[in-house]
Amino acid sequence: MTVTAAPAPPALLHGVGDRALTWLDKHREFFRPTDQDRASGAALIERLKPIGELAINMQVLFREGVAGSRQHARAGQLLDFTWRELLDGGNVLAALQHEEPFSPVPLEVYATFHELGHRHPALETALEVVRRTATWTTLELVPNRRLGVLNAERRVQLPPSADFDQALAATWLGRMPEPWTVQYHIAYDLTHTIFHITNWGEAPERIPAALADYLARYLPAWMDDWADMEHWDLLGELLVVDACLPRPTLDGQMWERYAAAQSDSGAMPIQHGMPAGDPEEVFDLVHHPTLVAAFASAMATSRSLSAAAAG
(Lines give C-alpha, C1' and ligand atoms only; values in the text may rest on other atoms or scores of the structure.)
Protein backbone atom coordinates (compact mmCIF):
# COMPACT_ATOMS: atom_id res chain seq x y z
CA MET A 1 0.00 0.00 0.00
CA THR A 2 1.40 3.39 -1.05
CA VAL A 3 1.11 6.18 1.51
CA THR A 4 0.69 9.60 -0.10
CA ALA A 5 2.41 12.39 1.84
CA ALA A 6 0.30 15.38 2.78
CA PRO A 7 1.23 18.44 0.72
CA ALA A 8 3.00 21.34 2.40
CA PRO A 9 0.82 24.32 3.35
CA PRO A 10 1.22 27.38 1.11
CA ALA A 11 2.39 29.52 4.03
CA LEU A 12 5.37 27.22 4.62
CA LEU A 13 6.25 27.18 0.92
CA HIS A 14 5.94 30.94 0.57
CA GLY A 15 7.92 31.66 3.74
CA VAL A 16 11.03 29.90 2.42
CA GLY A 17 11.06 32.12 -0.65
CA ASP A 18 10.30 35.32 1.23
CA ARG A 19 13.25 34.77 3.56
CA ALA A 20 15.53 33.80 0.68
CA LEU A 21 14.57 36.91 -1.28
CA THR A 22 15.28 39.09 1.76
CA TRP A 23 18.80 37.67 1.98
CA LEU A 24 19.44 37.99 -1.77
CA ASP A 25 18.33 41.61 -1.75
CA LYS A 26 20.48 42.44 1.27
CA HIS A 27 23.55 40.90 -0.40
CA ARG A 28 22.94 42.17 -3.93
CA GLU A 29 26.28 43.97 -4.14
CA PHE A 30 28.18 40.69 -3.85
CA PHE A 31 26.81 39.72 -7.29
CA ARG A 32 28.65 42.64 -8.93
CA PRO A 33 31.52 41.68 -11.29
CA THR A 34 34.87 43.11 -10.21
CA ASP A 35 37.48 44.74 -12.45
CA GLN A 36 39.45 41.52 -12.13
CA ASP A 37 36.44 39.54 -13.36
CA ARG A 38 36.03 41.85 -16.34
CA ALA A 39 39.70 41.42 -17.28
CA SER A 40 39.27 37.68 -17.82
CA GLY A 41 36.63 36.07 -20.01
CA ALA A 42 36.69 32.87 -17.98
CA ALA A 43 36.34 34.74 -14.68
CA LEU A 44 33.51 36.86 -16.06
CA ILE A 45 31.65 33.78 -17.26
CA GLU A 46 31.80 32.35 -13.72
CA ARG A 47 30.53 35.65 -12.30
CA LEU A 48 27.71 35.84 -14.84
CA LYS A 49 26.25 32.47 -13.88
CA PRO A 50 24.84 33.64 -10.52
CA ILE A 51 23.72 36.91 -12.11
CA GLY A 52 21.77 34.94 -14.70
CA GLU A 53 20.31 32.72 -11.98
CA LEU A 54 19.26 35.79 -9.97
CA ALA A 55 17.45 37.19 -13.00
CA ILE A 56 15.68 33.90 -13.71
CA ASN A 57 14.51 33.70 -10.11
CA MET A 58 13.02 37.18 -10.17
CA GLN A 59 11.35 36.46 -13.51
CA VAL A 60 9.81 33.27 -12.09
CA LEU A 61 8.43 35.22 -9.12
CA PHE A 62 6.68 37.63 -11.49
CA ARG A 63 5.54 34.91 -13.86
CA GLU A 64 4.01 32.66 -11.21
CA GLY A 65 2.19 35.55 -9.56
CA VAL A 66 2.93 34.38 -6.01
CA ALA A 67 4.82 37.46 -4.80
CA GLY A 68 3.10 39.68 -2.24
CA SER A 69 3.33 43.43 -2.68
CA ARG A 70 6.60 43.66 -0.74
CA GLN A 71 8.13 40.73 -2.62
CA HIS A 72 6.91 42.08 -5.94
CA ALA A 73 8.56 45.45 -5.35
CA ARG A 74 11.79 43.86 -4.13
CA ALA A 75 11.96 41.48 -7.09
CA GLY A 76 11.38 44.33 -9.52
CA GLN A 77 14.14 46.38 -7.93
CA LEU A 78 16.52 43.42 -8.09
CA LEU A 79 15.77 42.86 -11.77
CA ASP A 80 16.37 46.52 -12.55
CA PHE A 81 19.59 46.46 -10.51
CA THR A 82 20.75 43.34 -12.36
CA TRP A 83 20.15 44.73 -15.85
CA ARG A 84 21.23 48.34 -15.33
CA GLU A 85 24.06 47.99 -12.82
CA LEU A 86 25.40 44.45 -12.85
CA LEU A 87 25.15 44.07 -16.64
CA ASP A 88 25.40 47.78 -17.58
CA GLY A 89 22.29 47.57 -19.71
CA GLY A 90 23.63 44.50 -21.51
CA ASN A 91 27.05 46.00 -22.32
CA VAL A 92 28.77 43.43 -20.10
CA LEU A 93 27.19 40.63 -22.14
CA ALA A 94 28.11 42.30 -25.44
CA ALA A 95 31.74 42.70 -24.32
CA LEU A 96 31.92 39.04 -23.33
CA GLN A 97 30.34 38.02 -26.64
CA HIS A 98 33.10 39.95 -28.42
CA GLU A 99 35.85 38.36 -26.32
CA GLU A 100 34.40 34.81 -26.20
CA PRO A 101 32.28 34.67 -29.38
CA PHE A 102 31.41 30.98 -29.09
CA SER A 103 30.49 30.98 -25.43
CA PRO A 104 26.74 30.36 -25.06
CA VAL A 105 26.67 32.22 -21.72
CA PRO A 106 25.83 35.73 -23.08
CA LEU A 107 22.85 34.26 -24.95
CA GLU A 108 21.69 32.23 -21.95
CA VAL A 109 21.82 35.24 -19.62
CA TYR A 110 20.33 37.62 -22.17
CA ALA A 111 17.35 35.32 -22.79
CA THR A 112 15.72 36.22 -19.48
CA PHE A 113 15.97 39.95 -20.11
CA HIS A 114 14.80 39.59 -23.69
CA GLU A 115 11.66 37.87 -22.44
CA LEU A 116 11.17 40.79 -20.04
CA GLY A 117 11.37 43.32 -22.89
CA HIS A 118 14.99 44.47 -22.66
CA ARG A 119 16.98 44.74 -25.90
CA HIS A 120 20.66 45.17 -26.79
CA PRO A 121 20.89 45.45 -30.61
CA ALA A 122 24.69 45.13 -30.77
CA LEU A 123 24.61 41.89 -28.79
CA GLU A 124 21.82 40.50 -30.97
CA THR A 125 23.79 41.36 -34.12
CA ALA A 126 26.89 39.61 -32.75
CA LEU A 127 24.83 36.54 -31.85
CA GLU A 128 23.32 36.48 -35.33
CA VAL A 129 26.80 36.42 -36.91
CA VAL A 130 28.11 33.68 -34.61
CA ARG A 131 25.06 31.51 -35.09
CA ARG A 132 25.66 31.38 -38.86
CA THR A 133 28.86 29.42 -38.32
CA ALA A 134 29.19 25.66 -38.35
CA THR A 135 31.09 25.96 -35.07
CA TRP A 136 27.97 27.13 -33.24
CA THR A 137 26.06 23.97 -34.14
CA THR A 138 29.00 21.69 -33.38
CA LEU A 139 30.07 23.07 -30.00
CA GLU A 140 30.96 20.08 -27.84
CA LEU A 141 28.50 20.66 -25.02
CA VAL A 142 27.27 18.07 -22.57
CA PRO A 143 23.69 17.09 -23.51
CA ASN A 144 21.83 19.06 -20.84
CA ARG A 145 23.84 22.19 -21.71
CA ARG A 146 22.81 21.72 -25.34
CA LEU A 147 19.19 21.77 -24.13
CA GLY A 148 19.97 24.99 -22.25
CA VAL A 149 21.24 26.65 -25.42
CA LEU A 150 18.22 25.46 -27.39
CA ASN A 151 15.88 26.79 -24.72
CA ALA A 152 17.70 30.13 -24.69
CA GLU A 153 17.33 30.33 -28.48
CA ARG A 154 13.63 29.63 -28.11
CA ARG A 155 13.29 32.36 -25.47
CA VAL A 156 15.04 34.91 -27.71
CA GLN A 157 12.88 33.74 -30.67
CA LEU A 158 15.83 32.47 -32.69
CA PRO A 159 15.73 29.43 -35.00
CA PRO A 160 16.94 26.34 -33.12
CA SER A 161 20.52 25.26 -33.77
CA ALA A 162 19.65 21.57 -33.23
CA ASP A 163 16.63 19.33 -32.79
CA PHE A 164 15.27 19.62 -29.24
CA ASP A 165 13.85 16.10 -29.02
CA GLN A 166 17.11 14.56 -30.24
CA ALA A 167 19.05 16.64 -27.72
CA LEU A 168 16.72 15.47 -24.94
CA ALA A 169 17.14 11.84 -26.00
CA ALA A 170 20.92 12.22 -25.57
CA THR A 171 20.65 13.25 -21.90
CA TRP A 172 20.88 10.88 -18.95
CA LEU A 173 17.26 11.53 -18.05
CA GLY A 174 16.16 11.09 -21.64
CA ARG A 175 17.45 7.52 -21.51
CA MET A 176 15.62 6.83 -18.22
CA PRO A 177 18.42 4.61 -16.84
CA GLU A 178 18.49 2.55 -13.66
CA PRO A 179 17.37 4.94 -10.90
CA TRP A 180 19.91 3.59 -8.41
CA THR A 181 22.76 4.91 -10.61
CA VAL A 182 21.97 8.54 -9.75
CA GLN A 183 25.09 10.17 -8.39
CA TYR A 184 25.84 13.77 -7.41
CA HIS A 185 26.56 15.19 -10.89
CA ILE A 186 23.92 13.05 -12.56
CA ALA A 187 21.33 14.42 -10.14
CA TYR A 188 22.21 18.02 -10.99
CA ASP A 189 22.16 17.20 -14.70
CA LEU A 190 18.69 15.68 -14.54
CA THR A 191 17.29 18.68 -12.67
CA HIS A 192 18.62 21.04 -15.33
CA THR A 193 17.23 18.83 -18.07
CA ILE A 194 13.79 19.44 -16.58
CA PHE A 195 14.44 23.17 -16.17
CA HIS A 196 15.30 23.47 -19.87
CA ILE A 197 12.41 21.28 -21.06
CA THR A 198 9.90 23.37 -19.10
CA ASN A 199 11.61 26.76 -19.53
CA TRP A 200 12.36 27.04 -15.82
CA GLY A 201 8.99 25.64 -14.78
CA GLU A 202 6.83 27.69 -17.13
CA ALA A 203 5.54 24.76 -19.17
CA PRO A 204 5.31 21.47 -17.21
CA GLU A 205 3.23 20.01 -20.04
CA ARG A 206 6.38 19.86 -22.19
CA ILE A 207 7.71 16.96 -20.09
CA PRO A 208 7.08 13.80 -22.14
CA ALA A 209 4.61 11.48 -20.41
CA ALA A 210 7.12 8.64 -20.03
CA LEU A 211 9.63 10.98 -18.36
CA ALA A 212 6.96 12.37 -16.06
CA ASP A 213 6.00 8.84 -14.99
CA TYR A 214 9.65 7.90 -14.44
CA LEU A 215 10.22 10.96 -12.25
CA ALA A 216 6.98 10.49 -10.32
CA ARG A 217 8.11 6.98 -9.46
CA TYR A 218 11.72 7.65 -8.44
CA LEU A 219 11.94 11.31 -7.43
CA PRO A 220 10.62 10.71 -3.87
CA ALA A 221 13.43 8.21 -3.19
CA TRP A 222 16.06 10.59 -4.56
CA MET A 223 14.72 13.41 -2.38
CA ASP A 224 14.84 11.15 0.68
CA ASP A 225 18.47 10.29 -0.04
CA TRP A 226 19.67 13.85 -0.41
CA ALA A 227 17.61 15.05 2.54
CA ASP A 228 19.25 12.35 4.68
CA MET A 229 22.63 13.67 3.50
CA GLU A 230 21.46 17.20 4.37
CA HIS A 231 22.43 18.40 0.91
CA TRP A 232 20.01 21.30 0.79
CA ASP A 233 21.19 22.71 -2.54
CA LEU A 234 20.45 19.52 -4.45
CA LEU A 235 17.29 18.82 -2.47
CA GLY A 236 16.04 22.27 -3.42
CA GLU A 237 16.61 21.54 -7.11
CA LEU A 238 14.76 18.23 -6.78
CA LEU A 239 11.87 20.04 -5.09
CA VAL A 240 11.69 22.29 -8.16
CA VAL A 241 11.55 19.20 -10.37
CA ASP A 242 8.67 17.89 -8.26
CA ALA A 243 6.82 21.20 -8.73
CA CYS A 244 7.30 20.87 -12.50
CA LEU A 245 5.56 17.50 -12.70
CA PRO A 246 1.95 17.21 -13.91
CA ARG A 247 1.01 15.92 -10.44
CA PRO A 248 3.52 17.33 -7.94
CA THR A 249 3.60 15.87 -4.44
CA LEU A 250 4.75 19.07 -2.65
CA ASP A 251 5.62 16.65 0.16
CA GLY A 252 4.90 18.39 3.47
CA GLN A 253 7.45 16.44 5.52
CA MET A 254 10.18 17.03 2.94
CA TRP A 255 9.42 20.74 2.81
CA GLU A 256 9.46 20.96 6.61
CA ARG A 257 12.95 19.45 6.66
CA TYR A 258 14.05 21.82 3.92
CA ALA A 259 12.58 24.90 5.62
CA ALA A 260 14.18 23.93 8.95
CA ALA A 261 17.61 24.00 7.30
CA GLN A 262 17.21 27.64 6.25
CA SER A 263 19.08 30.11 8.44
CA ASP A 264 17.34 32.93 10.26
CA SER A 265 18.91 35.36 7.79
CA GLY A 266 17.16 33.62 4.89
CA ALA A 267 20.32 32.05 3.45
CA MET A 268 20.21 28.35 2.69
CA PRO A 269 23.40 26.34 3.36
CA ILE A 270 24.65 24.10 0.60
CA GLN A 271 25.00 21.12 2.96
CA HIS A 272 24.58 20.60 6.72
CA GLY A 273 24.71 23.99 8.48
CA MET A 274 25.65 27.56 7.59
CA PRO A 275 29.37 28.24 7.09
CA ALA A 276 31.15 30.94 9.06
CA GLY A 277 33.76 33.43 7.92
CA ASP A 278 34.20 36.51 5.77
CA PRO A 279 30.82 37.73 4.40
CA GLU A 280 32.02 37.62 0.80
CA GLU A 281 33.33 34.08 1.19
CA VAL A 282 30.09 32.99 2.85
CA PHE A 283 28.16 34.59 -0.03
CA ASP A 284 30.13 32.56 -2.56
CA LEU A 285 29.23 29.38 -0.65
CA VAL A 286 25.52 29.96 -0.11
CA HIS A 287 24.22 32.20 -2.89
CA HIS A 288 23.36 29.23 -5.13
CA PRO A 289 21.35 27.21 -2.59
CA THR A 290 19.58 30.42 -1.57
CA LEU A 291 18.66 31.17 -5.19
CA VAL A 292 17.42 27.58 -5.48
CA ALA A 293 15.29 28.07 -2.35
CA ALA A 294 13.64 31.13 -3.90
CA PHE A 295 13.01 29.20 -7.14
CA ALA A 296 11.63 26.13 -5.37
CA SER A 297 9.37 28.28 -3.21
CA ALA A 298 7.92 30.22 -6.15
CA MET A 299 7.18 27.08 -8.15
CA ALA A 300 5.78 25.06 -5.25
CA THR A 301 3.64 27.93 -3.93
CA SER A 302 2.18 28.48 -7.37
CA ARG A 303 1.33 24.81 -7.85
CA SER A 304 -0.13 24.60 -4.34
CA LEU A 305 -2.39 27.60 -4.85
CA SER A 306 -3.47 26.33 -8.27
CA ALA A 307 -4.42 22.98 -6.75
CA ALA A 308 -6.41 24.69 -4.01
CA ALA A 309 -8.25 26.88 -6.54
CA ALA A 310 -9.11 23.81 -8.61
CA GLY A 311 -10.64 22.22 -5.51
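## A buried aspartate

Asp 233 is part of helix α14, which spans residues 232–244; helices here are DSSP runs of H or I with at least four residues, numbered from the N terminus. This is a predicted model, in which local features need pLDDT of at least 70 and side-chain atom pairs count only at pLDDT 80 or more, while totals for chains, interfaces and linings use all residues. Residues are numbered from 1 along each chain as its sequence is written, and side-chain values use heavy atoms, with hydrogens and water left out.

Asp 233 is buried but has no salt bridge, and Lys 49, the nearest side chain of opposite charge, is 13 Å away. Buried means under 20% relative accessible area, exposed over 50%, and partly exposed in between, with a 1.4 Å probe and protein chains only. A salt bridge needs a side-chain nitrogen of Lys or Arg within 4 Å of a carboxyl oxygen of Asp or Glu. For charge, Lys and Arg count as positive and Asp and Glu as negative; His and the chain ends are not counted. Beyond its neighbours within four places in sequence, Asp 233 has contacts (heavy atoms within 4.5 Å) with Tyr 188, Pro 269, Ile 270, His 288, Pro 289 and Val 292.

## Nonpolar core

The largest nonpolar core has 98 residues, and those with the most contacts inside it are Leu 48, Leu 87, Trp 255 and Tyr 258. Helix α16 (residues 279–310) supplies the largest share of this core, twelve residues. Such a core is a set of buried Ala, Val, Leu, Ile, Met, Phe, Trp, Tyr and Cys residues joined through side-chain atoms within 4.5 Å.

With residues up to four places away in sequence set aside, Tyr 258 touches residues including Trp 232, Leu 235, Pro 289 and Val 292.

In helix α5 (residues 91–99), the buried residues are Val 92, Leu 93, Ala 94, Leu 96 and Gln 97. Their cover includes α2 (35–38), α3 (41–64), α4 (69–86), α6 (105–115) and α7 (121–130). Ala 126 lies in helix α7 and, at 27% relative accessibility, counts as partly exposed. Between Ala 126 and His 98 there are 7.6 Å from C-alpha to C-alpha, at 28 residues apart in sequence.

Pro 101 is in the loop between α5 and α6. Pro 101 is classed as partly exposed because its relative accessibility is 30%. Not counting residues up to four places away in sequence, Pro 101 touches Leu 96, Val 130 and Trp 136.

## Salt bridges

The count of salt bridges is 14. One of them joins Asp 37 and Arg 47, at 3.2 Å from N to O. This pair links distant parts of the chain, with Asp 37 in helix α2 and Arg 47 in helix α3, ten residues apart. Asp 37 is buried, at 11% relative accessible area, and Arg 47 is buried, at 16%.

Glu 64 pairs with Arg 63, with the closest N and O atoms 2.9 Å apart. Salt bridges with shared partners also join Asp 25, Arg 28 and Arg 74 into one network.

## Charges over rings

The charged end of Arg 28 sits over the ring of Phe 81, 4.9 Å from its centre. Arg 154 lies over the face of Phe 164, at 4.9 Å from the ring centre. The criterion is NZ of Lys or CZ of Arg within 6 Å of the ring centre and within 35 degrees of the ring normal.

Conventions: Helices (H or I, at least four residues) and strands (E, at least two) are DSSP runs, numbered from the N terminus.
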